[in-house]
Amino acid sequence: YCTAGRGAVTCTEGNRQNVCHNSHLPKTSSKMKLFIAIVAMATAASAFAPVNPRHDASTQLHATEAFQRSLLARRLGGRAASSSASTSANGSTMSDEFVVGVLGDLHIDPRKMEDYGVGRSHFLPIFEEAKKKHGNVALVSLGDLGESKSVRPEETSELFAGTTECHEMAAEFLGSFGVPYEVVGGNHDLEGLDEFETDKENLEMYLRSHNKETPQFCRQIADKTLLVGLGSTVFRDAVYTSHEVTIDQAQIDWFENLVVNHPAEEGWKVFVFTHAPPNGSGLRVLQENHVVNGCCWLNHSNEKQCKKFIELVREHRCIKAWFSGHFHLGQDYQDSITFPTIDPKDGPYPNRGSCVFAQTSVMRSGTSRDGRQQSRLIRGNKDGFEICTVDHQKDGKVRLDASITYRGDTNEVGVYAHDDEAYDHDSYFKVYAPSAGDALHPPDEGFRRYNTDGNIEPFDIEMDTVAWWYMSCGRALGMLNGNLIEYDSSTLAPLGLVVGADELVGKKIGVINSGLDADTCQLLFDEEGMEGADCAALAGDLREQAVVLLDKKTNQVTVVQPNEDVRSCNFFGGIADLCFFACPT
């Protein structure tokens, strides 16, 4: 269950224990582009300047054989230095200290390379110091490696993301840091639509460019400490949106086997890396973009798979941290990091196992949604780890964001190192998340309760209306920014848009008993494992319901159904449930 890793990692195949080795060296392309030469010769950020994106005979730099040998030697040297403290096959001890750089969405554009050179220069001294101290150093890229537009618009409309040129350039950049690198696929990394007919062909090129055997990776970075990554493998074949980050079932099975065979009780610590975060992470998200379009969480549209990741986190406390990108949001907000447990005085238990979740920003200015240009840095040892920000707008200043201390093998405690540094204009990005409370805390003020008749009385909808409730079959709905949103019933993470603000603001919304028989619950909500009476009984009684909208100007009532088949009728006398039954079917 380990496909790539420096040093020795104990792996399991059936009932057989073995040791797997994989140096995972970066690939050197036969044609060295101008950008590669700049990276190889750079000793400071000033060495990186915008380059001509054309790669015809007049502009392409063909490296000499000696130069290629020196470049390969430099890269091999970086790998060798980082593996000097690895566990050897004969069982020698590995240091418990480690350093990992984490890069968010790169979206490399060969016309705009300056920010990448500056960002790289900020990491080089950090890595050099760590290599001298203990040697356990690595770099992880969270995917979305290329710009999702043409970089030569005067010649072609072909998107740069997902092309061979894109991935070879990204591989050269990531390989230039002098330490081993790993990468996971994002939603743009198989976007080479003009070059490849199928996802399979695009994926094979991606893996070949980064010298990967599989979309996932496993690397032992320190004593009983693993870096594990899962990558998206679907673009053209996506069922709904191509920009959903989809981890295939084979990777999910591989990941589950890995955490099963590296239990916390034996001292194992697993750090996970994916392009998008899993449902239940509690990280800040963009309702207006990723939630509405169904591409917010890993495997967002597959209900069973979407829940699987947080279920594994809750069950396997070897998972200590999970890093993701995707949202292009900065790291100055406290909800860019979420802890597995919090002080009871601060709120209800978040139920995230023993895992800290961390959002990662971007390196290039043109790709940021909130103006930040930041990367992550992890520094750890046997007692815990630190999550830091490398701020590329402040000369690479390293800021401590959170300190996590292990309390035994199955628990950890996190502490924020600074207050929320969001600016006044960041209110646009602030996302309300419902809270169901726990034994010590009631639900938040937005929670709507049913009256004695089993209804939620209709209430006015404005842009600032905050409300949420459970339906009797277990699904959770709520109002946010004028939209009707469905939330995951377990994590209360936003799943998708039910009705948009343009159809809701200025109206009333309520929930009524429909009076239908129990079998209707299966038709309306079709939740696997919760059919008929079992579905309705989840709320403690046998009842079916309808969400209704009232247009105060026309007195028209609309019944909202999950299958998007809307039935409408005129509202007479204010008796919504009678109106519901009067609607044509």
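Student: In this predicted model, which residues of α6 are buried?

Tutor: Gln251, Ile252, Trp254, Phe255, Leu258 and Val259 are the buried residues of α6.

Student: What puts these residues on the same side of α6?

Tutor: They cover an arc of only 160 degrees around the axis, and therefore they lie on the same side of α6. In general, an α-helix has 3.6 residues a turn, so residues three or four places apart point the same way.

Student: What covers the buried residues of α6?

Tutor: The cover includes the strands β6 (217–222), β7 (225–229), β8 (269–273) and β9 (319–324), together with the helix α8 (303–315).

Student: How do you know that the span of α6 is close to the expected one?

Tutor: Helix α6, residues 249–260, has 12 residues. From its first C-alpha to its last it reaches 16 Å, and the value expected at 1.5 Å a residue is 16 Å.

Student: What makes aspartate 248 a cap of α6?

Tutor: A side-chain oxygen of aspartate 248 lies 3.2 Å from the backbone nitrogen of alanine 250, at the N-terminal end of α6.

Student: In what order do the strands of the open sheet of 6 strands stand?

Tutor: The order is β6-β7-β8-β9-β11-β10, with mixed pairing.

Student: Why are β6 and β10 called edge strands?

Tutor: Strands β6 and β10 (337–338) each pair on one side only.

Student: Which strands are the edges of the open sheet of 7 strands?

Tutor: That sheet has the order β5-β4-β3-β12-β13-β14-β15, with mixed pairing. Its edge strands are β5 (181–183) and β15 (412–416), each of which pairs on one side only. On average, neighbouring strands of this sheet are turned by 20 degrees against each other, direction ignored.

Student: How many bridges join β13 to β14?

Tutor: There are 8 bridges between β13 (residues 384–391) and β14 (residues 397–406), and the strands run antiparallel. Valine 390 stands opposite valine 398 in β14.

Student: Why is histidine 392 called buried?

Tutor: Buried means under 20% relative accessible area. Histidine 392 has 8%, so it counts as buried. This residue lies in the loop between β13 and β14. Beyond its neighbours within four places in sequence, histidine 392 is in contact with residues including Val118, His122, Phe123 and Met363.

Student: What makes the approach of histidine 392 to serine 375 a polar contact?

Tutor: The limit is 3.5 Å, and the side chains of histidine 392 and serine 375 make their contact at 2.8 Å.

Student: Is aspartate 105 buried or exposed?

Tutor: Aspartate 105 has a relative accessible area of 0%, and therefore falls under the 20% limit and is buried. Aspartate 105 lies in the loop between β3 (98–103) and α3 (114–133).

Student: What does the side chain of aspartate 105 reach at 3.0 Å?

Tutor: The side chain of aspartate 105 reaches the backbone nitrogen of histidine 326 at 3.0 Å. A polar contact of 3.0 Å also joins the side chains of aspartate 105 and histidine 328.

Student: Why does asparagine 555 count as partly exposed?

Tutor: Partly exposed covers the range between the 20% limit for buried and the 50% limit for exposed. Asparagine 555 stands at 39%, so it belongs to that range. Its place is in the loop between β22 (545–551) and β23 (556–560), and it has a positive phi of about 60 degrees although it is not a glycine.

Student: Where does asparagine 299 lie?

Tutor: Asparagine 299 lies in the loop between α7 (287–291) and α8. At 0% relative accessibility, asparagine 299 counts as buried, and its phi is positive, about 50 degrees, although it is not a glycine.

Definitions and conventions: Residues are numbered from 1 along each chain as its sequence is written. This is a predicted model: local features need pLDDT of at least 70, side-chain atom pairs count only at pLDDT 80 or more; totals for chains, interfaces and linings use all residues. Side-chain values use heavy atoms; hydrogens and water are left out. Two strands pair if DSSP finds at least two bridges between them. Helices (H or I, at least four residues) and strands (E, at least two) are DSSP runs, numbered from the N terminus. Axes are lines fitted to C-alpha atoms, for helices over the stretch in contact, and angles run from 0 to 180 degrees between N-to-C directions. The expected span of a helix is 1.5 Å times one less than its number of residues. Buried means under 20% relative accessible area, exposed over 50%, partly exposed in between (1.4 Å probe, protein chains only). The arc is that of the directions from the helix axis to the C-beta atoms. Contact means heavy atoms within 4.5 Å. A polar contact is a pair of N or O atoms within 3.5 Å; within protein, one must be able to donate a hydrogen and the other to accept it, and residues adjacent in sequence count only if both atoms are side-chain atoms.
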